[in-house]
Amino acid sequence: MRYLAFDIGCIECGEPSGVVGIYDTEEEASDAALMAQAKQSGDWQGQHIFHVFDLESEDSYSEWSK
């Protein structure tokens, strides 16, 4: 399992962040993130960002160190 689909919750209103899932392919992770985003949009609770991280790529971690 290489790709993490992650829901970044709303800082302003205190909505929590959470793992959507971990997947073998980037396409699976992106599809899961899109489905989670659509579900969240239907019951909108603050601003969420859905992002896919490549757990085996150093480039994914460089975003966090900025």
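A residue counts as buried under 20% relative accessible area, as exposed over 50%, and as partly exposed in between. In this predicted model, I22 has a relative accessible area of 43% and is therefore partly exposed. I22 belongs to strand β2, which covers residues 18–23.

Leaving aside residues up to four places away in sequence, G18 touches F6 and D7. The C-alpha atoms of G18 and F6 are separated by 6.0 Å, although these residues are 12 residues apart along the chain.

One salt bridge is found in a search of the whole structure. It joins the side chains of R2 and D54, with 2.7 Å from N to O. R2 lies in the segment before β1 (3–8) and D54 in strand β3 (residues 49–54), so the pair ties together parts that are 52 residues apart in sequence.

| Residue | Relative accessible area | Class |
|---|---|---|
| I22 | 43% | partly exposed |
| G18 | 24% | partly exposed |
| R2 | 29% | partly exposed |
| D54 | 15% | buried |

As to confidence, the chain has a mean pLDDT of 87, and 89% of its residues reach 70 or more. Among the elements of the chain, β2 has the highest mean pLDDT (97), whereas helix α2 (residues 58–64) has the lowest (61). Where pLDDT is low, predicted coordinates should not be read in detail.

Methods: Residues numbered from 1 in each chain as written. Predicted model: local features only at pLDDT ≥ 70, side-chain atom pairs only at ≥ 80, totals over all residues. Heavy atoms only, no water. Helix = DSSP H or I, 4+ residues; strand = E, 2+ residues; numbered from the N terminus. Buried < 20%, exposed > 50% of the residue type's maximum accessible area, 1.4 Å probe, protein only. pLDDT = per-residue confidence, 0-100. Contact = heavy atoms within 4.5 Å. Salt bridge = Lys/Arg side-chain N within 4 Å of Asp/Glu carboxyl O.
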